[in-house]
2 protein chains.
Amino acid sequence: MMSLMAHHTDRTSRRIALLKALAHPSRLAIAEALQSGERCVCELTELVGADMSTVSKHLSLMRAAGLLEMEKRGLNVFYRLRCPCLLDFFECVDGLSPATPVLRRRKIR
Amino acid sequence: MMSLMAHHTDRTSRRIALLKALAHPSRLAIAEALQSGERCVCELTELVGADMSTVSKHLSLMRAAGLLEMEKRGLNVFYRLRCPCLLDFFECVDGLSPATPVLRRRKIR
DNA sequence: AGACTACTTGGCGATCTCGCCAAGTAAAGC
DNA sequence: GCTTTACTTGGCGAGATCGCCAAGTAGTCT
């Protein structure tokens with residue numbers, strides 16, 4: 001895979017990591033939940049309904065992408081969003097109509 | 001996979017599809033190139049340096065996600081961005097500092 | 001019509017991702 | 001110290017994704 005295209009800048013790599021961090025149902029649900037404030041891993045585990053180990057790996061990935069920050073308090077680990085732009089982006093995304101017909105220019109004769 | 005989390009709304013599915021459509025080096029490069037105007041498949045093929053069939057599949061996926069629209073003119077097929085919000089989002093993403101140390105609240109004694 | 005160009009689609013191996021279980025770590029409480 | 005709670009990490013099978021080649025389609029041109 002990835003023939004001649006492996007010329008990513010750091011910026012590109014970070015963009016891709018952040019997009020991948022959001023492009024999964026559980027991770028998107030986590031990001032959306034965190035828009036209303038920090039949550040600990042057990043709360044997020046209940047939210048997505050998967051094994052805690054699975055959720056923990058999702059959170060690590062999102063943190064590595066720069067999307068989340070974590071803070072340990074007592075036995076709990078709390079995660080918070082670091083990206084204030086999600087809401088605006090999703091509003092714009094949701095505004096797109098779902099389908100796209102093939103546009104075909106009328107023949108000029 | 002996807003134990004109890006298969007409760008996606010249409011909106012969620014569309015958000016995921018759009019994020020996945022961007023979360024790949026070749027596809028991101030295509031989206032970025034299209035920010036400066038439409039391109040035909042052969043131009044985009046040269047840009048990403050992969051087989052045209054590969055690029056064509058990327059473009060189909062991006063179109064299905066609602067990100068692109070296509071127009072056939074003569075022998076060429078031109079693709080255009082349908083999402084005006086990419087630039088703003090990426091500016092915000094690029095503004096994030098790459099790493100995040102584990103935050104640890106000081107003990108109060 | 002036949003040849004050519006620009007693109008799409010089918011198929012398939014190679015690689016990546018996902019989720020669970022099991023095992024490990026770290027802080028709190030006894 | 002030992003136990004419990006909250007979480008992370010390793011490993012592995014199952015399924016998804018990716019990219020190439022080969023074959024098909026749709027216009028253009030002569």
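Analyst: Helices are DSSP runs of H or I, at least four residues long, and strands are runs of E, at least two, both numbered from the N terminus. Here, B:L61 is found in helix α4 of chain B. This is a predicted model: local features need pLDDT of at least 70, side-chain atom pairs count only at pLDDT 80 or more, and totals for chains, interfaces and linings use all residues. Residues are numbered from 1 along each chain as its sequence is written, chains are lettered from A and ligands numbered from 1 in the order in which they are written, and side-chain values use heavy atoms, with hydrogens and water left out.

User: How many helices and strands does chain A have?

Analyst: Chain A has five helices and four strands. Read from the N terminus on, its elements go α-α-β-α-α-β-β-α-β.

User: How do I read the length of a helix, say α1 of chain B?

Analyst: The expected span is 1.5 Å times one less than the number of residues. Helix α1 of chain B covers residues 10–22, which is 13 residues. Its first and last C-alpha atoms lie 19 Å apart, close to the expected 18 Å.

User: Which residues in α1(B) are buried?

Analyst: Buried means under 20% relative accessible area, exposed over 50%, and partly exposed in between (1.4 Å probe, protein chains only). In α1(B), the buried residues are B:T12, B:R15, B:I16, B:L18, B:L19, B:A21 and B:L22. An α-helix has 3.6 residues a turn, so residues three or four places apart point the same way.

User: How many of the ten residues of α2(B) are buried?

Analyst: Nine are, so α2(B) is largely enclosed by the rest of the structure. They are B:P25, B:S26, B:R27, B:L28, B:A29, B:I30, B:A31, B:A33 and B:L34. Take B:L28, in this helix of residues 25–34. B:L28 has a relative accessible area of 0%.

User: What does B:L28 touch?

Analyst: A contact means heavy atoms within 4.5 Å. Leaving out residues up to four places away in sequence, B:L28 touches A:T12, A:R15, A:I16 and A:L19 in chain A, plus B:L22 and B:F90.

User: Is B:L61 buried, exposed or partly exposed?

Analyst: B:L61 is partly exposed, because its relative accessible area is 35%. With residues up to four places away not counted, B:L61 touches B:A21 and B:R27. B:L61 and B:A17 are 44 residues apart in sequence, yet 8.6 Å apart in space, C-alpha to C-alpha.

User: And A:A64, is it buried or exposed?

Analyst: A:A64 is exposed, because its relative accessible area is 61%. This residue lies in helix α4 of chain A. Between A:A64 and A:L18 there are 46 positions in sequence and 8.8 Å in space, C-alpha to C-alpha. For another pair, A:L47 and A:K72, the values are 25 residues in sequence and 20 Å in space, C-alpha to C-alpha.

User: What polar contact does the side chain of B:E71 make?

Analyst: A polar contact is a pair of N or O atoms within 3.5 Å; within protein, one must be able to donate a hydrogen and the other to accept it, and residues adjacent in sequence count only if both atoms are side-chain atoms. The side chain of B:E71 makes such a contact with the side chain of B:R80, at 3.1 Å. B:E71 lies in strand β2 of chain B, residues 68–73. B:E71 counts as buried, because its relative accessibility is 11%.

User: How many residues surround DNA strand D?

Analyst: A residue is near a strand if one of its heavy atoms lies within 4 Å of it. DNA strand D is surrounded by 30 residues, and the closest are A:S53, A:S56, A:K57, A:Y79 and B:H58.

User: Which helix gives the most to the surface near DNA strand D?

Analyst: That is α4(A), with five residues. At least two residues each come from α3 (41–48), α4 (52–64) and β3 (76–81) of chain A, and from α4 (52–64) of chain B.
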